[in-house]
Amino acid sequence: MSTVLQDPQTVAETPNYLNAEYGWRSWLFTKDHKRIAILYIISITVMFFLGGIFAGLIRVELLTPQGDLVNSDTYNKFFTMHGIIMVFFFLIPSIPATLGNFFVPMMIGAKDLAFPRINLLSWYIYIAGAIFALAAVVMGGVDTGWTFYTPFSSTFSNTFVITAACGVFIAGFSSILTGLNFIVTIHKMRAPGMTWGRLPLFVWANYATSLIQVLGTPVVAITLALVGLERAFHIGIFDPAIGGDPILFQHMFWFYSHPAVYIMILPGMGVMSELVSCFSRKAVFGYPFVAASSIGIAVIGFLVWGHHMFVTGMSMYASLYFSLLSFLVAVPSAIKIFNWTATMFRGSISYATPMLYAFGFIGLFTIGGLTGLFLATLAVDVHVTDTYFVVAHFHYVMVGGMVLAYMGGLHFWWPKMTGKMYPEGWAKFAALLVFAGFNLTFFPQFIAGYLGQPRRYHAYAPEFQVYNVLSTAGATILGLGYIIPFIYFVWSLKYGAPAGNNPWKAKGLEWETTSPPPTYNFETTPIVTEEAYAYATHKKEEHVG
Amino acid sequence: MEQQFDSATLGMWVFLLTEIMFFGGMFCAYMIYRNMYPAAFASTSKHMEPFWGATNTLVLIVSSLTMALAVRAARLGQQKALQILLLLTIFFGLCFLGVKGVEYHQHWVDKNVPLIAGHWDYSNSEEFPNQAQYAKQAQILFCFYFFMTGFHALHMVVGVALMLTIFFMARRGKFNASYFTPVEISGLYWHFVDIVWIFLFPLLYLIGRTKEMM
C-alpha cells in the first residue's frame with residue numbers, strides 16, 4: 001500500500017464527488033453515499049445545536065436552587081426535547097449515517113453501498129421524522145421524558161406525545177434501512193482480498209451496530225405505535241385501570257433502547273480503533289478480540305435491558321439475572337479499552353487533534369463504563385436510581401464517549417472528505433476545551449447525585465447549588481468547545497490548506513484514493529494484499545481472522 | 001448480476017428479520033396478557049368465526065403456492081405463466097382482504113370494536129358470569145385482535161400493491177431467465193406475510209376451543 005503524494009494544486013483540480021455535479025438537485029437526488037453522508041452531517045449538526053440549546057436552557061435554570069427561570073412544566077419539556085433530539089436525531093445516526101455512510105464502502109473497496117436508493121430514502125425518512133419532532137417542539141413540546149413512560153405518556157400527559165412519538169417511529173425506519181444497507185454491503189461488496197479478518201475495525205463496529213439497528217428498532221417502533229394508539233383510542237393495553245400493564249411498556253421500550261445505547265457507542269469504538277492505530281503507528285493489538293468484542297457487545301447488549309427497571313417491582317430473580325449480565329457486558333468493553341492501551345504501548349504516538357479526542361474517549365468512557373457497574377449492582381442502583389449520578393453516568397458514555405469519538409473521527413477524515421485541512425492550533429485548543437468543559441459539567445453531577453439530588457426537577461435543595469453552578473459553568477465551556485470547531489470547519493472549506501491524499505500517512509483503502517474521493521471512490525477496484533493496520537513495515541504480524 | 005441478485009435477496013431477508021421483530025413485539029405483548037387473563041381471552045375468542053379464519057388460512061396457503069410457482073415460472077422464463085400466476089396471487093390476496101372485511105363488519109355490527117366510542121358493548125355476552133371484570137379484559141383482547149390483524153392486513157395491502165407492480169413489470173417483459181430478482185424478493189415478502197397469518201389464526205381464533213385442554 002504505497003501512497004503517491006500529488007502536488008496539492010492538481011489534487012484540487014481532480015474530478016471528485018463534490019465537483020462532479022452542481023446545483024441543489026444534484027444533492028437532493030444524489031445516490032452517492034458520500035453526498036448522502038454530507039446531507040446527514042448537515043442535518044444532525046442542526047439537530048445537535050438544537051438539542052444543545054435545550055441543554056443550555058436546562059443548565060441556566062439549574063443555576064439557582066429555586067425554579068425561577070421557568071416553571072416545572074416548561075422545564076419538563078426542556079429535558080424531554082433535549083433527550084429526544086439528542087438520542088434519536090443526533091446520537092443514533094451520528095456516526096453510522098455520516099462517517100459510516102462515507103467510509104464503510106470506501107474501507108472495503110466498494111463503489112457505493114449495496115442499495116444507493118434506499119440509502120437516500122433513509123435520509124428522507126430521517127428528515128420526515130425530524131420534521132415531526134420539530135413540529136412537536138413548535139406546537140408546545142412534550143413533557144414525558146425521552147422514554148415516553150406509560151401510563152403518563154398514554155393517559156395523563158397533555159402535551160404532543162403522538163407527534164413526537166411519530167417522529168421517533170419514522171426516524172427508526174431510517175435507522176433500520178441504514179443498518180440493512182450496511183449488513184448487505186459488508187457481506188457482498190468487499191473488494192477482492194478484503195476478507196473478514198482484514199476488515200478495518202470501524203467496519204466491524206458498524207456491522208455490529210447494524211445488527212442492533214435491524215433487530216432492535218422495530219420493537220420500539222411497535223411499542224411507540226401501541227402508545228400512540230392507546231393515547232388516541234384509550235384502549236387499555238398500558239392502562240392499569242382497564243387491566244393493562246404499564247411496566248410491560250418499560251420492558252418493550254428498553255428491549256430496544258438499551259441496545260440503542262450500544263448503537264450510540266459501538267461506532268465510536270470503531271472510530272477509536274482507527275485513531276489509536278494511526279497515531280500510534282501500530283496495528284491494533286489483538287485485532288480478533290477487538291472485532292469479536294463488537295459482536296459480543298451487540299449480542300449481550302440485547303439481554304440486559306432490565307437493569308433500567310430494578311426499582312419497578314420486577315421479580316427479584318429477573319433482577320439478579322439482569323444484574324449479572326450487565327456485569328458481563330462490561331467485559332467486551334474492557335477488552336477494547338485494554339487493547340487500545342496496549343496498542344499505544346511502545347507505539348510512536350503523535351498528538352494530532354484526532355488523537356487528543358481519542359485520549360479523551362479512553363479516559364471518559366472508562367469513567368462512564370465503571371460507573372455503569374455501580375448501577376448494575378442492585379443495592380447501589382436502588383440508592384442512585386433517578387438521581388444525577390445516572391445522568392452523569394450516561395453523559396460520560398454518550399458525550400464523553402460517542403461525541404468525542406465523532407469529533408475525533410470528523411477531524412481525522414475531514415481532509416479526506418473535503419480535501420482541506422482544518423487549523424490544527426485551533427482544533428487542539430477546542431479539543432482541550434471540550435475535555436475540560438465536559439468534566440466540569442458532569443463530574444460534579446456524580447457527587448450531587450450520590451448525595452441525593454434527583455434528576456428531572458427544576459428546583460433542588462440549596463446544598464446542591466455549588467455542584468450545579470460548577471456544572472453550568474462547565475456547560476458554557478463545553479458549548480464554546482463545540483462552536484469553535486463548527487466555525488473552523490466551515491472556514492476550512494474555503495480557506496483550509498490543501499490536505500493531500502493522505503495527510504496522516506494512514507493505512508486503509510480510504511486513504512489510497514484522492515481527496516476528495518472521485519464519485520466511484522476508486523479508479524480501479526482495489527485488490528487487498530495485506531492485513532488491516534499494516535503499519536510496522538519491518539515485521540509483519542500474522543493475524544488470525 | 002449475480003452479486004446484485006445475492007445482495008437483493010440478502011437485503012430482503014434482513015428486512016424480514018426486522019419484520020419478525022416488529023410483529024414479535026406484538027406477539028410478546030399478546031402472550032403476556034393471554035397469560036394474565038386466560039379465561040377472558042378464551043371466551044372472547046368465541047366471537048371470532050373460525051370458518052372465516054380457516055377459509056382465509058386456506059386462501060393464503062394457496063396464494064403462497066401460486067407465488068412459488070410464479071417465481072419458478074420467472075426462473076424458467078415462462079412469461080405467460082408468470083403473468084397468470086401473479087394475477088392469481090393478487091386475486092387470492094384480495095380474497096383474503098375481502099373476507100377480513102366481512103369479519104370486521106361483523107365485529108362492527110356486534111359492537112366488538114373497542115377503538116371507537118359507541119361500538120363497544122360487551123354486556124350482552126351471555127357466557128360471562130362476571131360482566132364488569134371480563135368486559136375490560138375482553139377489551140384488551142379485541143384491541144390486540146385489531147392491531148395484529150390490522151397490521152397484518154396492512155402488510156397484505158402492501159403485498160398486493162407490490163404484486164401489481166411486479167405484474168406490470170412482467171407484462172412489459174422486464175424479466176427473463178437471467179433476471180428475475182424483483183419476483184424472487186417480493187415472493188419472499190409474500191410468504192412471510194402468509195406465515196404471520198399462520199400464527200395469528202390459532203392464537204386469535206382457536207383458544208376458546210382448546211379451553212378444556214388448558
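What percentage of the 214 residues of chain B count as buried? The figure is 38%. The model is predicted, and the predictor gives the complex an ipTM of 0.89 and a pTM of 0.92.

**Confidence in chain B**
- The mean pLDDT of chain B is 87, and 90% of its residues score at least 70.
- Among the elements of chain B, helix α3 (residues 50-76) has the highest mean pLDDT, at 95.
- The lowest mean among these elements, 80, belongs to helix α2 (residues 38-44) of chain B.

**Architecture of chain B**
- Chain B contains six helices and zero strands, so that the order of its elements from the N terminus is α-α-α-α-α-α.
- The C-alpha trace of chain B spans about 65 × 35 × 30 Å along its principal axes.
- Of the contacts in chain B between residues at least 6 apart in sequence, 81% join residues at least 24 apart.

**B:Val183 and its surroundings**
- B:Val183 is located in helix α6 (residues 181-205) of chain B.
- B:Val183 counts as buried because 25 C-beta neighbours lie inside 10 Å, where the cut-off for a buried residue is 20 or more.
- Apart from neighbours within four places in sequence, B:Val183 is in contact with B:Ala70, B:Val71, B:Ala74, B:Ile166 and B:Phe175.
- B:Leu86 is 97 residues from B:Val183 in sequence, while their C-alpha atoms are 9.4 Å apart in space.

**Contact between the chains**
- On the chain A side, 24 residues are in contact with 23 residues of chain B.
- Helices α7, α8 (201-233) and α9 (246-263) of chain A each supply at least two residues to the side of chain A that touches chain B.
- The most residues on that side, eight, come from α8 of chain A.
- By class, the side of chain A that touches chain B has 18 nonpolar, five polar and one charged residues.

**Helix α7 of chain A**
- Helix α7 (residues 161-188) of chain A has 28 residues, and at 1.5 Å a residue it should span 40 Å.
- Helix α7 of chain A is mostly covered, with 24 of its 28 residues buried.

**Loop between α5 and α6 of chain A**
- A:Phe148 lies in the loop between α5 and α6 of chain A and has a positive phi of about 55°, although it is not a glycine.
- A:Phe148 is buried because 27 other C-beta atoms lie within 10 Å.
- A:Pro151 is in the loop between α5 (116-139) and α6 (152-156) of chain A, and the peptide bond from A:Thr150 to A:Pro151 is cis, with omega near -5°.

**Other backbone features of chain A**
- The loop between α14 (378-384) and α15 (388-418) of chain A holds A:Asp386, a residue other than glycine with a positive phi near 55°.
- A:Asp386 is partly exposed, with 13 other C-beta atoms within 10 Å; a residue counts as exposed at 12 or fewer.
- A cis peptide bond also joins A:Ser515 and A:Pro516, with omega about -15°.
- A:Pro516 belongs to the segment after α17 (465-495) of chain A.

Definitions and conventions
Residues numbered from 1 in each chain as written. Chains lettered and ligands numbered in written order. Predicted model: local features only at pLDDT ≥ 70, side-chain atom pairs only at ≥ 80, totals over all residues. pLDDT = per-residue confidence, 0-100. Helix = DSSP H or I, 4+ residues; strand = E, 2+ residues; numbered from the N terminus. Expected span 1.5 Å × (residues − 1). Contact = placed C-beta atoms within 7 Å. Nonpolar A, V, L, I, M, F, W, Y, C, P; charged D, E, K, R; others polar.
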